[in-house]
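Hi,

Here is the structure I promised to pass on. Please have a look, and then read my notes below.

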Amino acid sequence: MALPNDTNPKLAEYAHPEKLVTSSWLAEHLDDPGLVVVESDEDILLYETGHIPGAVKVDWHTELNDPITRDYVDAEGFAALMSAKGIGREATVVFYGDKSNWWAAYALWVFSLFGHPDLRLLDGGRAKWEAEGRPMTTDAPGRPTADYPNVERDDARIRAFRNDVLAHLGKPLIDVRSPDEYTGKLLHMANYPQEGALRGGHIPGAKSVPWAKAANEDGTFKSRAELEALYGGEAGLSTSDDVVVYCRIGERSSHTWFALTHLLGYEKVRNYDGSWTEWGNSVRVPIEREADPG
Amino acid sequence: MTVEALPEPLAEIVETFASSPPRDRLELLLEYSQTLPPLPERFREHPERLEPVPECQSPLFVAAEVDGDRRVQIFVDAPQEAPTTRGFAGIFHAGLNGLSAEEVLGVPGDVTVRMSLSEAVSPLRLRGATALLGRIQRQVREQVGAA
(Lines give C-alpha, C1' and ligand atoms only; values in the text may rest on other atoms or scores of the structure.)
Protein backbone atom coordinates (compact mmCIF):
# COMPACT_ATOMS: atom_id res chain seq x y z
CA MET A 1 0.00 0.00 0.00
CA ALA A 2 1.31 3.42 -0.94
CA LEU A 3 2.43 5.71 1.83
CA PRO A 4 0.71 9.05 2.45
CA ASN A 5 2.06 12.06 0.56
CA ASP A 6 4.31 14.64 2.13
CA THR A 7 2.12 17.67 2.74
CA ASN A 8 5.01 20.09 3.13
CA PRO A 9 3.89 23.51 1.75
CA LYS A 10 6.90 23.93 -0.56
CA LEU A 11 6.14 20.59 -2.21
CA ALA A 12 2.43 21.38 -2.42
CA GLU A 13 3.19 24.09 -4.99
CA TYR A 14 4.60 21.60 -7.49
CA ALA A 15 2.49 20.03 -10.22
CA HIS A 16 2.95 16.55 -8.74
CA PRO A 17 3.84 17.02 -5.07
CA GLU A 18 3.50 13.28 -4.50
CA LYS A 19 6.79 12.71 -6.37
CA LEU A 20 8.93 14.41 -3.75
CA VAL A 21 9.44 13.95 -0.01
CA THR A 22 11.32 16.04 2.55
CA SER A 23 13.92 14.64 4.92
CA SER A 24 11.60 15.14 7.90
CA TRP A 25 8.83 13.16 6.15
CA LEU A 26 11.28 10.35 5.42
CA ALA A 27 12.59 10.30 8.99
CA GLU A 28 9.01 10.00 10.20
CA HIS A 29 8.11 7.14 7.82
CA LEU A 30 11.40 5.26 7.78
CA ASP A 31 9.95 2.21 9.53
CA ASP A 32 6.71 2.05 7.55
CA PRO A 33 6.35 -1.39 5.99
CA GLY A 34 5.33 -0.18 2.52
CA LEU A 35 8.46 1.91 2.05
CA VAL A 36 11.76 1.03 0.39
CA VAL A 37 14.53 3.64 0.39
CA VAL A 38 17.00 3.34 -2.48
CA GLU A 39 20.40 5.02 -2.51
CA SER A 40 21.93 5.62 -5.92
CA ASP A 41 25.22 7.50 -6.06
CA GLU A 42 27.84 8.60 -8.47
CA ASP A 43 30.48 7.28 -6.06
CA ILE A 44 29.87 3.56 -5.97
CA LEU A 45 31.40 3.10 -2.50
CA LEU A 46 29.60 5.94 -0.76
CA TYR A 47 26.70 3.73 0.33
CA GLU A 48 29.13 1.35 2.03
CA THR A 49 30.56 4.17 4.15
CA GLY A 50 27.12 4.73 5.67
CA HIS A 51 23.56 5.04 4.41
CA ILE A 52 20.06 5.84 5.62
CA PRO A 53 18.97 2.97 7.90
CA GLY A 54 17.22 0.27 5.88
CA ALA A 55 18.16 1.78 2.51
CA VAL A 56 19.19 -0.56 -0.30
CA LYS A 57 21.80 0.38 -2.89
CA VAL A 58 21.16 0.41 -6.62
CA ASP A 59 24.28 0.82 -8.73
CA TRP A 60 23.49 2.60 -12.00
CA HIS A 61 26.52 1.16 -13.75
CA THR A 62 26.34 -2.51 -12.83
CA GLU A 63 22.67 -3.06 -12.03
CA LEU A 64 20.54 -0.91 -14.32
CA ASN A 65 22.50 -1.49 -17.52
CA ASP A 66 22.65 -4.53 -19.70
CA PRO A 67 26.20 -5.86 -19.38
CA ILE A 68 26.70 -6.22 -23.15
CA THR A 69 24.38 -3.97 -25.16
CA ARG A 70 24.27 -0.24 -24.42
CA ASP A 71 20.77 -0.40 -23.02
CA TYR A 72 18.95 -0.88 -19.75
CA VAL A 73 18.05 -4.25 -18.32
CA ASP A 74 14.99 -5.99 -19.78
CA ALA A 75 11.79 -7.08 -18.04
CA GLU A 76 13.35 -10.24 -16.58
CA GLY A 77 16.49 -8.38 -15.52
CA PHE A 78 14.51 -5.65 -13.79
CA ALA A 79 12.23 -8.14 -12.04
CA ALA A 80 15.28 -10.06 -10.82
CA LEU A 81 16.91 -6.87 -9.56
CA MET A 82 13.77 -5.73 -7.75
CA SER A 83 13.24 -9.18 -6.22
CA ALA A 84 16.84 -9.29 -4.98
CA LYS A 85 16.54 -5.82 -3.46
CA GLY A 86 13.28 -6.72 -1.75
CA ILE A 87 11.15 -4.23 -3.67
CA GLY A 88 7.61 -5.33 -4.50
CA ARG A 89 5.58 -3.71 -7.29
CA GLU A 90 3.32 -2.08 -4.67
CA ALA A 91 6.18 -0.54 -2.67
CA THR A 92 6.64 3.19 -2.28
CA VAL A 93 10.22 3.77 -3.42
CA VAL A 94 12.09 6.84 -2.25
CA PHE A 95 15.39 7.56 -4.02
CA TYR A 96 18.26 9.63 -2.70
CA GLY A 97 21.91 10.04 -3.57
CA ASP A 98 24.97 12.23 -3.81
CA LYS A 99 25.54 15.30 -6.02
CA SER A 100 22.09 16.87 -5.65
CA ASN A 101 20.36 13.58 -6.47
CA TRP A 102 21.82 13.49 -9.93
CA TRP A 103 22.15 9.69 -9.97
CA ALA A 104 19.08 9.17 -7.81
CA ALA A 105 17.02 10.99 -10.44
CA TYR A 106 18.59 8.80 -13.09
CA ALA A 107 17.65 5.62 -11.21
CA LEU A 108 14.14 6.98 -10.74
CA TRP A 109 13.88 7.64 -14.47
CA VAL A 110 15.01 4.08 -15.29
CA PHE A 111 12.49 2.68 -12.80
CA SER A 112 9.88 4.87 -14.56
CA LEU A 113 10.59 3.07 -17.83
CA PHE A 114 9.18 0.00 -16.12
CA GLY A 115 6.18 1.95 -14.85
CA HIS A 116 6.73 1.26 -11.17
CA PRO A 117 3.69 3.02 -9.72
CA ASP A 118 5.04 4.93 -6.71
CA LEU A 119 8.47 6.51 -7.17
CA ARG A 120 9.60 9.54 -5.17
CA LEU A 121 12.75 11.54 -4.68
CA LEU A 122 14.15 12.76 -1.36
CA ASP A 123 14.45 16.53 -1.77
CA GLY A 124 18.07 17.49 -1.07
CA GLY A 125 19.33 13.92 -1.28
CA ARG A 126 22.10 12.44 0.79
CA ALA A 127 23.93 15.68 1.57
CA LYS A 128 20.92 17.32 3.20
CA TRP A 129 20.06 14.23 5.26
CA GLU A 130 23.65 14.11 6.52
CA ALA A 131 23.89 17.85 7.10
CA GLU A 132 20.83 17.63 9.32
CA GLY A 133 22.59 15.04 11.46
CA ARG A 134 20.03 12.36 10.70
CA PRO A 135 20.87 8.69 11.30
CA MET A 136 23.25 6.83 9.02
CA THR A 137 24.39 3.23 9.38
CA THR A 138 26.70 0.72 7.77
CA ASP A 139 24.35 -2.14 8.77
CA ALA A 140 23.08 -4.17 5.83
CA PRO A 141 19.36 -3.56 5.28
CA GLY A 142 18.52 -7.26 5.39
CA ARG A 143 15.35 -6.97 3.35
CA PRO A 144 13.72 -10.26 2.42
CA THR A 145 13.46 -10.86 -1.33
CA ALA A 146 10.22 -9.80 -2.97
CA ASP A 147 8.09 -11.05 -5.84
CA TYR A 148 8.24 -8.65 -8.76
CA PRO A 149 6.38 -9.29 -12.01
CA ASN A 150 8.04 -9.13 -15.42
CA VAL A 151 6.98 -5.75 -16.79
CA GLU A 152 8.03 -4.74 -20.30
CA ARG A 153 9.93 -1.49 -20.48
CA ASP A 154 7.92 1.30 -22.08
CA ASP A 155 10.58 3.44 -23.73
CA ALA A 156 8.31 5.43 -26.02
CA ARG A 157 6.85 7.78 -23.39
CA ILE A 158 9.93 9.18 -21.69
CA ARG A 159 12.95 7.98 -23.64
CA ALA A 160 14.28 9.30 -26.95
CA PHE A 161 16.68 7.50 -29.25
CA ARG A 162 19.01 9.07 -31.81
CA ASN A 163 16.53 8.76 -34.69
CA ASP A 164 13.77 10.22 -32.53
CA VAL A 165 16.00 13.23 -31.93
CA LEU A 166 16.78 13.57 -35.64
CA ALA A 167 13.03 13.62 -36.31
CA HIS A 168 12.59 16.08 -33.44
CA LEU A 169 14.99 18.73 -34.79
CA GLY A 170 13.22 22.10 -34.82
CA LYS A 171 11.20 21.25 -31.72
CA PRO A 172 12.27 22.11 -28.16
CA LEU A 173 15.53 20.56 -27.01
CA ILE A 174 17.31 21.29 -23.73
CA ASP A 175 21.02 20.71 -23.33
CA VAL A 176 21.71 20.45 -19.60
CA ARG A 177 25.50 20.20 -19.77
CA SER A 178 27.91 22.93 -18.73
CA PRO A 179 28.26 25.99 -21.02
CA ASP A 180 31.72 24.87 -22.17
CA GLU A 181 30.42 21.48 -23.24
CA TYR A 182 27.51 23.17 -25.00
CA THR A 183 29.73 25.42 -27.09
CA GLY A 184 32.13 22.60 -27.89
CA LYS A 185 35.01 24.23 -26.02
CA LEU A 186 35.18 21.06 -23.93
CA LEU A 187 34.38 17.54 -25.06
CA HIS A 188 33.40 16.65 -21.51
CA MET A 189 32.56 18.22 -18.17
CA ALA A 190 35.21 20.40 -16.57
CA ASN A 191 37.23 18.28 -14.12
CA TYR A 192 35.75 15.09 -15.47
CA PRO A 193 37.50 12.59 -17.68
CA GLN A 194 37.04 12.59 -21.40
CA GLU A 195 34.39 10.06 -22.27
CA GLY A 196 35.25 9.51 -25.84
CA ALA A 197 33.10 11.94 -27.83
CA LEU A 198 34.87 12.69 -31.10
CA ARG A 199 33.10 15.99 -31.80
CA GLY A 200 32.11 18.83 -29.49
CA GLY A 201 29.13 21.16 -29.56
CA HIS A 202 25.39 20.74 -29.20
CA ILE A 203 22.39 19.45 -31.11
CA PRO A 204 21.08 22.24 -33.40
CA GLY A 205 18.30 24.20 -31.77
CA ALA A 206 19.05 22.96 -28.27
CA LYS A 207 18.87 25.61 -25.58
CA SER A 208 21.46 25.57 -22.82
CA VAL A 209 19.97 25.20 -19.33
CA PRO A 210 22.60 23.54 -17.10
CA TRP A 211 20.88 21.01 -14.87
CA ALA A 212 22.21 22.45 -11.62
CA LYS A 213 20.18 25.62 -12.19
CA ALA A 214 17.17 23.64 -10.99
CA ALA A 215 18.81 22.99 -7.61
CA ASN A 216 19.51 25.14 -4.58
CA GLU A 217 22.86 25.19 -2.77
CA ASP A 218 21.67 22.45 -0.40
CA GLY A 219 20.65 20.18 -3.29
CA THR A 220 16.90 20.71 -2.90
CA PHE A 221 14.87 21.69 -5.93
CA LYS A 222 14.15 25.35 -6.49
CA SER A 223 10.60 26.50 -5.88
CA ARG A 224 7.97 26.11 -8.56
CA ALA A 225 8.04 29.83 -9.33
CA GLU A 226 11.82 29.76 -9.78
CA LEU A 227 11.64 26.70 -12.01
CA GLU A 228 8.90 28.28 -14.10
CA ALA A 229 11.03 31.40 -14.56
CA LEU A 230 13.94 29.20 -15.65
CA TYR A 231 12.23 26.84 -18.09
CA GLY A 232 9.15 28.79 -19.06
CA GLY A 233 10.70 32.26 -18.94
CA GLU A 234 14.37 32.02 -19.93
CA ALA A 235 14.16 28.87 -22.04
CA GLY A 236 10.73 29.73 -23.47
CA LEU A 237 9.15 26.31 -22.96
CA SER A 238 5.52 25.68 -22.24
CA THR A 239 4.01 22.69 -20.48
CA SER A 240 2.32 21.34 -23.60
CA ASP A 241 5.59 21.31 -25.60
CA ASP A 242 7.17 18.13 -26.87
CA VAL A 243 10.59 18.40 -25.17
CA VAL A 244 13.76 16.32 -25.41
CA VAL A 245 16.50 16.73 -22.77
CA TYR A 246 20.04 15.41 -22.98
CA CYS A 247 23.51 15.60 -21.43
CA ARG A 248 26.38 13.14 -21.98
CA ILE A 249 24.90 9.80 -20.91
CA GLY A 250 21.46 10.83 -19.70
CA GLU A 251 22.11 11.15 -15.98
CA ARG A 252 22.17 14.91 -15.51
CA SER A 253 19.26 15.24 -17.91
CA SER A 254 17.23 12.83 -15.74
CA HIS A 255 17.34 15.51 -13.06
CA THR A 256 15.93 18.05 -15.53
CA TRP A 257 13.41 15.50 -16.84
CA PHE A 258 12.21 15.07 -13.25
CA ALA A 259 11.88 18.83 -12.71
CA LEU A 260 9.97 19.41 -15.94
CA THR A 261 7.72 16.36 -15.73
CA HIS A 262 6.95 16.06 -12.05
CA LEU A 263 7.55 19.48 -10.58
CA LEU A 264 6.21 21.63 -13.44
CA GLY A 265 3.78 19.15 -15.01
CA TYR A 266 5.14 19.14 -18.59
CA GLU A 267 3.14 16.62 -20.57
CA LYS A 268 5.75 15.20 -22.90
CA VAL A 269 9.39 15.23 -21.89
CA ARG A 270 11.75 12.55 -23.17
CA ASN A 271 15.28 11.93 -21.97
CA TYR A 272 17.80 11.18 -24.73
CA ASP A 273 20.11 8.84 -22.80
CA GLY A 274 22.39 8.27 -25.77
CA SER A 275 23.15 11.96 -25.29
CA TRP A 276 26.45 13.50 -26.29
CA THR A 277 28.42 10.25 -26.05
CA GLU A 278 26.25 9.03 -28.94
CA TRP A 279 25.53 12.26 -30.85
CA GLY A 280 29.14 13.46 -30.66
CA ASN A 281 30.29 10.19 -32.22
CA SER A 282 27.57 9.72 -34.84
CA VAL A 283 28.44 10.13 -38.49
CA ARG A 284 26.73 12.99 -40.34
CA VAL A 285 24.44 14.22 -37.59
CA PRO A 286 24.26 18.02 -37.49
CA ILE A 287 26.20 19.83 -34.77
CA GLU A 288 26.27 23.48 -33.72
CA ARG A 289 29.19 25.00 -31.90
CA GLU A 290 28.12 28.59 -31.31
CA ALA A 291 26.92 29.85 -27.96
CA ASP A 292 23.42 30.54 -29.31
CA PRO A 293 21.09 27.60 -29.99
CA GLY A 294 21.69 27.63 -33.78
CA MET B 1 51.36 -8.41 -19.52
CA THR B 2 52.29 -10.49 -16.50
CA VAL B 3 51.57 -9.61 -12.90
CA GLU B 4 55.20 -10.52 -12.15
CA ALA B 5 56.33 -7.35 -13.87
CA LEU B 6 54.88 -5.22 -11.04
CA PRO B 7 56.85 -4.24 -7.93
CA GLU B 8 56.12 -6.71 -5.17
CA PRO B 9 53.81 -4.70 -2.86
CA LEU B 10 51.64 -3.60 -5.79
CA ALA B 11 51.70 -7.09 -7.32
CA GLU B 12 50.36 -8.50 -4.06
CA ILE B 13 47.50 -6.00 -4.02
CA VAL B 14 46.62 -6.71 -7.65
CA GLU B 15 46.73 -10.44 -6.96
CA THR B 16 44.47 -10.04 -3.92
CA PHE B 17 41.91 -8.16 -6.03
CA ALA B 18 42.11 -10.56 -8.95
CA SER B 19 41.72 -13.65 -6.76
CA SER B 20 38.79 -12.26 -4.75
CA PRO B 21 35.19 -12.95 -5.71
CA PRO B 22 33.81 -9.92 -7.61
CA ARG B 23 31.51 -8.96 -4.77
CA ASP B 24 34.44 -8.68 -2.36
CA ARG B 25 36.49 -6.41 -4.58
CA LEU B 26 34.49 -3.32 -3.69
CA GLU B 27 34.91 -4.16 0.00
CA LEU B 28 38.65 -4.31 -0.58
CA LEU B 29 38.61 -0.98 -2.37
CA LEU B 30 36.71 0.49 0.58
CA GLU B 31 39.37 -0.86 2.95
CA TYR B 32 42.08 0.83 0.93
CA SER B 33 40.13 4.09 1.05
CA GLN B 34 40.55 3.92 4.82
CA THR B 35 44.30 3.26 4.73
CA LEU B 36 45.26 6.56 3.09
CA PRO B 37 47.35 8.42 5.69
CA PRO B 38 46.53 12.05 6.50
CA LEU B 39 48.63 14.71 4.81
CA PRO B 40 51.69 15.95 6.68
CA GLU B 41 51.48 19.52 7.90
CA ARG B 42 53.71 20.98 5.21
CA PHE B 43 51.12 19.96 2.59
CA ARG B 44 48.12 20.92 4.70
CA GLU B 45 49.59 24.40 4.98
CA HIS B 46 50.59 24.50 1.31
CA PRO B 47 47.95 22.65 -0.69
CA GLU B 48 49.31 24.30 -3.86
CA ARG B 49 52.27 21.88 -3.65
CA LEU B 50 49.86 19.09 -4.56
CA GLU B 51 48.94 18.60 -8.21
CA PRO B 52 45.24 18.27 -9.10
CA VAL B 53 44.12 15.13 -10.97
CA PRO B 54 41.17 16.44 -13.00
CA GLU B 55 40.54 13.07 -14.64
CA CYS B 56 39.15 11.77 -11.34
CA GLN B 57 35.45 12.30 -10.72
CA SER B 58 36.09 13.85 -7.32
CA PRO B 59 38.67 16.39 -6.23
CA LEU B 60 42.02 14.66 -5.89
CA PHE B 61 45.47 16.11 -5.34
CA VAL B 62 48.76 14.30 -5.40
CA ALA B 63 52.46 14.94 -4.78
CA ALA B 64 55.28 12.44 -5.31
CA GLU B 65 58.69 13.20 -3.87
CA VAL B 66 61.96 11.46 -4.60
CA ASP B 67 64.32 11.57 -1.62
CA GLY B 68 68.14 11.41 -1.49
CA ASP B 69 68.07 7.60 -1.71
CA ARG B 70 65.87 7.80 -4.80
CA ARG B 71 62.92 6.46 -2.80
CA VAL B 72 59.44 7.76 -3.70
CA GLN B 73 57.10 9.25 -1.12
CA ILE B 74 53.49 9.72 -2.19
CA PHE B 75 51.07 12.23 -0.68
CA VAL B 76 47.42 12.28 -1.64
CA ASP B 77 44.49 14.44 -0.62
CA ALA B 78 40.99 13.19 -1.45
CA PRO B 79 37.69 13.95 0.32
CA GLN B 80 36.11 11.44 2.68
CA GLU B 81 32.86 11.61 0.68
CA ALA B 82 34.67 10.22 -2.36
CA PRO B 83 35.63 6.75 -1.13
CA THR B 84 36.17 5.26 -4.57
CA THR B 85 38.73 7.89 -5.47
CA ARG B 86 40.34 7.48 -2.05
CA GLY B 87 40.41 3.72 -2.59
CA PHE B 88 42.51 3.97 -5.73
CA ALA B 89 44.78 6.50 -4.05
CA GLY B 90 45.13 4.12 -1.08
CA ILE B 91 46.13 1.28 -3.40
CA PHE B 92 48.87 3.32 -5.04
CA HIS B 93 50.06 4.55 -1.67
CA ALA B 94 50.18 1.06 -0.19
CA GLY B 95 51.68 -0.42 -3.33
CA LEU B 96 54.25 2.18 -4.30
CA ASN B 97 55.22 4.32 -1.32
CA GLY B 98 58.87 3.86 -0.36
CA LEU B 99 59.83 2.07 -3.58
CA SER B 100 62.68 3.25 -5.77
CA ALA B 101 62.02 5.78 -8.50
CA GLU B 102 62.87 3.15 -11.12
CA GLU B 103 60.33 0.71 -9.70
CA VAL B 104 57.60 3.36 -9.68
CA LEU B 105 58.40 4.42 -13.23
CA GLY B 106 58.29 0.79 -14.36
CA VAL B 107 54.64 0.26 -13.35
CA PRO B 108 52.64 -0.32 -16.54
CA GLY B 109 49.65 1.91 -17.25
CA ASP B 110 47.26 -1.04 -17.44
CA VAL B 111 47.67 -1.92 -13.77
CA THR B 112 44.16 -0.65 -12.97
CA VAL B 113 42.75 -3.06 -15.53
CA ARG B 114 44.62 -5.93 -13.89
CA MET B 115 42.82 -5.30 -10.62
CA SER B 116 39.77 -6.86 -12.24
CA LEU B 117 37.53 -4.02 -11.15
CA SER B 118 36.06 -3.20 -14.53
CA GLU B 119 32.86 -5.13 -13.81
CA ALA B 120 32.21 -3.11 -10.69
CA VAL B 121 33.70 0.25 -11.53
CA SER B 122 32.76 2.34 -14.55
CA PRO B 123 35.46 2.84 -17.22
CA LEU B 124 35.56 6.52 -16.27
CA ARG B 125 36.78 5.77 -12.81
CA LEU B 126 39.41 3.36 -14.01
CA ARG B 127 40.66 6.09 -16.31
CA GLY B 128 40.82 8.43 -13.32
CA ALA B 129 42.95 5.90 -11.45
CA THR B 130 45.24 5.48 -14.44
CA ALA B 131 45.58 9.27 -14.60
CA LEU B 132 46.58 9.34 -10.92
CA LEU B 133 49.35 6.82 -11.60
CA GLY B 134 50.43 8.81 -14.65
CA ARG B 135 50.81 11.97 -12.59
CA ILE B 136 52.78 10.20 -9.86
CA GLN B 137 55.12 8.83 -12.52
CA ARG B 138 55.49 12.18 -14.30
CA GLN B 139 56.40 13.94 -11.06
CA VAL B 140 58.94 11.22 -10.26
CA ARG B 141 60.39 11.41 -13.76
CA GLU B 142 60.82 15.19 -13.51
CA GLN B 143 62.68 14.90 -10.21
CA VAL B 144 64.87 12.01 -11.33
CA GLY B 145 65.69 13.83 -14.55
CA ALA B 146 66.58 17.00 -12.66
CA ALA B 147 68.77 15.19 -10.12
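**The sheet and what packs on it**

Chain A holds an open sheet of 5 strands, ordered β1-β5-β4-β2-β3 and paired in parallel (strands are DSSP E runs of at least two residues and helices H or I runs of at least four, numbered from the N terminus; two strands pair if DSSP finds at least two bridges between them). At the edges stand β1 (20-21) and β3 (56-57) of chain A, each with a single partner strand, so one side of each has no neighbour in the sheet. This is a predicted model, where local features need pLDDT of at least 70 and side-chain atom pairs 80 or more, while totals for chains, interfaces and linings use all residues. Residues count from 1 along each chain as its sequence is written, chains are lettered from A and ligands numbered from 1 in the order written, and side-chain values use heavy atoms, without hydrogens and water.

Strand β1(A) runs parallel to β5 (residues 119-122) of chain A, joined to it by 2 bridges. In this pair, A:Val21 is opposite A:Leu122.

In β4 (residues 92-96) of chain A sits A:Thr92. A:Thr92 counts as buried because its relative accessibility is 0% (buried is under 20% relative accessible area, exposed over 50%, partly exposed in between; 1.4 Å probe, protein chains only).

Over in helix α3 (residues 75-85) of chain A, the buried residues include A:Phe78, A:Leu81 and A:Met82. The buried residues of α3(A) pack against β3 and α4 of chain A (contact means heavy atoms within 4.5 Å). Just after α3(A), A:Gly86 has a positive phi of about 80°.

Best wishes
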